[in-house]
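Reader: Could you walk me through how to read a new structure? I would like to begin with helices.

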Amino acid sequence: MGRGTDARCGRRAETGGMTTPTTKRLTRSSQDKWIAGVCGGLAEYFGISAGLVRFLFVLSCLLPGPQFVLYLILWLMIPKR
């Protein structure tokens, strides 16, 4: 028979010999988090290192713009896993 895989990993699920794509879902990380899990969740979603996402966020804070406001909005908008 068919077997299912974890939908959060973006893998495909097999059912009766047919393969159907599963959808990835953006969620805040509950394991790889420092403050709210936003950077960890973005890293899991895009398949990159959480350290790289955090580094890019800190680097972007050196530029003018609403980075902290964006982080707070993402914190409120992205659901917990």
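This is a predicted model: local features need pLDDT of at least 70, side-chain atom pairs count only at pLDDT 80 or more; totals for chains, interfaces and linings use all residues.

Reader: How are two packed helices described in general?

Author: Two packed helices are described by the angle between their axes and by the distance between those axes. Here, α1 and α2 pack at about 125 degrees, and their axes lie 8 Å apart.

Reader: Which residues of α1 and α2 meet?

Author: From α1 come C39, G40, L42 and A43, and they meet A50, V53, R54 and F57 of α2. By class, this contact has six nonpolar, one polar and one charged residues.

Reader: What tends to happen to nonpolar side chains?

Author: In soluble globular proteins, nonpolar side chains tend to be buried together. In this model, the largest nonpolar core has eight residues: A36, V38, C39, A43, A50, V53, Y71 and I78. Both α1 (38–46) and α2 (50–60) supply at least two residues each, and α1 gives the most, with three.

Reader: Is I78 buried or exposed?

Author: I78 is buried, because its relative accessible area is 6%, and buried means under 20%. You will find I78 in the segment after α3 (67–77).

Reader: What does I78 touch, leaving out residues up to four places away in sequence?

Author: With those left out, I78 touches L26, T27, R28 and V38. Although I78 and T27 are 51 residues apart along the chain, their C-alpha atoms are separated by 5.6 Å.

Key
Residues are numbered from 1 along each chain as its sequence is written. Side-chain values use heavy atoms; hydrogens and water are left out. A nonpolar core is a set of buried Ala, Val, Leu, Ile, Met, Phe, Trp, Tyr and Cys residues joined through side-chain atoms within 4.5 Å. Buried means under 20% relative accessible area, exposed over 50%, partly exposed in between (1.4 Å probe, protein chains only). Helices (H or I, at least four residues) and strands (E, at least two) are DSSP runs, numbered from the N terminus. Contact means heavy atoms within 4.5 Å. Axes are lines fitted to C-alpha atoms, for helices over the stretch in contact, and angles run from 0 to 180 degrees between N-to-C directions. Ala, Val, Leu, Ile, Met, Phe, Trp, Tyr, Cys and Pro count as nonpolar, Asp, Glu, Lys and Arg as charged, and the others, Gly among them, as polar.
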